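Please keep the sequence and the structure at hand while reading.

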Amino acid sequence: MSAPSTPDLNFDTPALKRHRKGRALKDKFASWGIAIGGVSVIGAVLLIFFYLLYEVAPMFVPASIEPAGEYAVPGLTDDPVTQTRMITMEEQGEVALRVLMNGDLLFFNTENGDVISQTSLPSDAPVTAFAADTQPARLLGFATEHGDLHLVKHNYRVTYPNDKRLITPWVEYPFGEAALSLFESDAAVRSLAIRNGEDALMVAAISRAGELQVTRFEKEEDFLSEEVTLSPDVLSLPSLAGELNQMAMDQSQRWLFVLADQRLLHVINLEDEVLNATITLSNEASITSMEMLLGEQSLLLGDKSGAISQWFIVREGGNWTLKPIREFHVEGKQAQLIEPEHRRKGFLVAAENGELAIFHSTASRTLWNDSLIGSEIVQMGISPRAKLLLVEDATGRMTGWKIDNEHPEVSWSSLWDEVWYEGYEEPKYVWQSSASTNDFEPKYSIVPLVFGTIKGAFYAMLMAAPLAIAGAIYTAYFMAPAMRRKVKPIIELMEALPTVILGFLAGLALAPFVEDHLAGIFAVMIIMPLGMLIFGFSWANMPAFIRHRVPEGWDALLLIPIVIISAWIGIELSSGLEIVFFGGNMTQWLSDDLGVSFSQRNALIVGLAMGFAVIPTIFSIAEDAIFSVPKSLSYGSLALGATPWQTMIKVVLPTASPGIFSALMIGLGRAVGETMIVLMATGNTPITDMNIFEGMRTLAANIAVEVPESEVGSSHYRILFLTGFVLFLFTFVFNTAAETVRQRLRQKYGQL
């Protein structure tokens with residue numbers, strides 16, 4: 001009998017060769033596609049990183065100054081009356097005003113110095129003192145040797161003949177051309193300060209004899225002609241020590257600061273007409289310059305040593321006190337002139353030998369400090385947009401300088417440190433990017449936003465993590481397969497709920513409900529776990545024939561009525577608990593007895609709403625990780641005598657720990673980046689308070705709220721990009737650390 005023939009297997013047929021080549025080509029395309037996709041993802045992340053960096057970097061570039069023309073000082077002659085008292089400019093920086101010693105107002109072109117017009121005061125009396133109101137007001141005061149006061153306002157009319165901008169200056173007398181009388185004795189005025197408010201004009205004057213007089217001119221407007229008349233009222237002030245030198249007044253017309261003997265600073269409360277304090281300044285360096293910063297709340301004092309100190313009124317122990325806040329230095333140079341910016345809390349200081357320094361008060365930042373010209377600076381003026389600086393030197397030359405100083409208010413200290421802001425009792429972390437007034441001090445501390453982000457994520461994870469992980473353990477390991485196939489999709493379907501809907505419901509429905517039933521909410525947190533424990537103990541001790549009626553793995557269905565009943569009991573007990581323990585109102589009790597403030601939209605609401613949104617993410621990934629643990633490990637542990645719970649704790653959870661950790665990190669990332677829920681359910685208050693009953697503002701919510709209203713390219717705009725950059729770095733560093741931990745867990749438990 002012959003042996004069976006072996007079939008002729010030919011693996012080199014043309015069809016098989018074509019098949020292998022096609023498969024190899026597909027594998028190569030797939031590998032290249034995966035590689036390109038991975039590199040593209042990395043490139044996209046890097047592109048986002050560098051774009052954010054591109055938007056943020058300009059904020060930290062120092063100021064720069066470039067020359068913009070030079071010419072003889074317009075209208076300056078050998079006559080002393082033609083010397084300069086003040087230089088200022090209109091909005092565009094094309095037309096400048098030079099105030100002469102004799103009170104003339106000379107307007108000229110800033111580009112070439114050509115005189116446009118010149119206006120004289122209606123009186124021929126020699127001008128002995130001069131003062132300017134706030135820069136935006138453009139009101140000037142001239143006091144004469146007869147004790148009279150002339151008030152003049154410079155204005156600018158903009159027209160476009162032949163589509164070319166033409167700025168025409170003009171002068172008006174807002175209270176009439178007639179002079180106001182200051183001193184009844186016809187005494188000459190040596191120093192002057194004026195502040196024009198809505199209801200009154202306040203004028204402080206020092207006579208040559210050293211007499212201080214403050215007059216409040218009450219305004220009365222005629223109903224028909226709208227003409228304003230002034231009614232004088234001389235304040236009764238205490239006598240002051242020393243020889244009075246100069247004065248400054250705040251914008252609210254409440255505080256008057258009088259410098260005497262170049263080192264005594266008298267603080268007068270004009271409302272109460274009393275001397276608030278007399279401060280003795282440094283004996284080593286006498287005061288050489290004195291100006292009010294934008295907003296007229298901060299007083300700037302420059303001395304012979306080159307130090308410029310910032311002072312403002314602070315409420316301390318129930319009393320108002322003038323305190324030194326911060327100090328700036330022009331090294332080794334005497335501070336001769338201080339020129340505040342028109343719209344920012346920055347200021348320029350002219351020192352000896354043509355030295356110029358640019359500072360910003362809030363940021364405590366020195367932006368520029370160098371020699372500008374070769375001779376002494378006599379006067380200087382800066383345009384309202386802080387783009388152009390005009391400098392008059394001792395040789396009679398006027399020099400224009402272009403200033404590039406876009407973001408002076410940004411510094412490490414203003415972003416990350418406590419800052420002492422005007423009107424605050426102490427340094428604080430504050431975010432407040434806008435206000436209703438132009439002299440507002442922007443507050444750009446990022447700390448409250450970072451704190452709010454961490455706070456919101458913490459309370460959300462505090463609720464979501466235990467529920468999601470415990471639910472994933474039970475569903476994957478203890479629940480019946482048929483029930484698991486129904487429960488898992490339902491929970492995952494929760495993730496499809498729009499967060500804007502969750503935020504809407506949390507803010508408009510959940511927040512008022514929690515406020516009305518606060519005691520009941522905390523009662524539910526106690527009653528529900530106790531109810532579950534009691535039911536579990538009772539069920540375990542039920543007769544076997546009853547327990548066996550419920551199929552194994554379907555026990556969780558019996559807890560649904562327990563959860564509903566426990567929640568109902570807790571809410572029903574709310575009013576009774578408040579009456580018995582909290583005097584009828586728990587929120588009021590928290591505030592009055594514990595000093596814990598309560599806001600309706602708070603971190604508790606965010607924890608409930610955002611926790612609900614995060615649970616499906618954590619549950620789904622953790623459940624898959626636990627369910628994917630090989631059954632052979634569980635069977636082996638059970639075969640060796642371990643209980644199901646011991647098997648879960650000692651075998652299943654360690655093996656699934658990388659996946660569970662990934663679930664927690666992804667959930668945390670979702671909580672950190674969540675926008676709509678925290679936007680609608682927190683009150684958006686940027687505060688640093690861990691109180692669960694207070695709200696917060698997160699980085700993501702702040703970007704969503706303020707980007708639409710920010711000016712492109714402004715400091716506010718770029719700081720919002722900086723907050724996005726901080727959020728990007730936060731998630732990048734945290735995810736990198738999380739991936740490192742996950743890989744180590746995989747290496748440790750991957751051999752089980």
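The sections below treat a sheet, the salt bridges and a surface patch of this predicted model.

## A sheet of four strands

Strands S2, S3, S4 and S5 form an open sheet in the order S2-S3-S4-S5, with antiparallel pairing. Its edge strands are S2 and S5 (residues 115-119), each of which pairs on one side only. On average, neighbouring strands of this sheet are turned by 20° against each other, direction ignored. In general, the strands of a sheet pair through backbone hydrogen bonds, in either a parallel or an antiparallel manner.

Strand S2 (residues 84-89) runs antiparallel to S3, and five bridges join the two. Across this pairing, Ile87 stands opposite Arg98 of S3, and Thr88 stands opposite Leu97 of S3. The hairpin of S2 and S3 has five residues between the strands, and Gly93 in this hairpin takes a positive phi near 75°.

## Strand S3 and its surroundings

S3 also pairs with strand S4 (residues 105-109), in the antiparallel sense and over five bridges. Here Val99 stands opposite Leu105 in S4. Four residues lie between the strands in the hairpin of S3 and S4, where Gly103 has a positive phi near 95°.

## Salt bridges

How many salt bridges does a search of the whole structure find? The search finds 18 salt bridges. One of them joins Lys345 and Glu422, whose closest N and O atoms are 2.9 Å apart. This pair links distant parts of the chain, 77 residues apart: Lys345 lies in the loop between strand S23 (337-340) and strand S24 (346-350), and Glu422 lies in the loop between helix H2 (412-416) and strand S30 (431-432). Lys345 and Glu422 are both buried.

A salt bridge is also formed by Glu406 and Lys387, with the closest N and O atoms 2.2 Å apart. The two residues are 19 residues apart and link distant parts of the chain, with Glu406 in the loop between strand S29 (397-404) and H2, and Lys387 in the loop between strand S27 (377-382) and strand S28 (388-393). Glu406 is partly exposed, with a relative accessible area of 37%, and Lys387 is partly exposed at 40%. Arg697 forms a salt bridge with Glu706, the closest N and O atoms being 2.8 Å apart, and both Arg697 and Glu706 are buried.

## A nonpolar surface patch

Which residues make the nonpolar surface patch of about 440 Å²? The patch is made by Val500, Ile501, Phe504, Leu505 and Leu508. Phe504 belongs to helix H5 (residues 499-516).

Technical notes: Residues numbered from 1 in each chain as written. Predicted model: local features only at pLDDT ≥ 70, side-chain atom pairs only at ≥ 80, totals over all residues. Heavy atoms only, no water. Patch = residues over 30% accessible without salt bridge, like charges linked within 9 Å, V, L, I, M, F, W, Y side chains within 5 Å. Areas by Shrake-Rupley, 256 points an atom, 1.4 Å probe, with all protein chains shown as cover. Salt bridge = Lys/Arg side-chain N within 4 Å of Asp/Glu carboxyl O. Buried < 20%, exposed > 50% of the residue type's maximum accessible area, 1.4 Å probe, protein only. Pairing = 2+ DSSP bridges. Axes fitted to C-alpha atoms, helices over the stretch in contact; angles between N-to-C directions.
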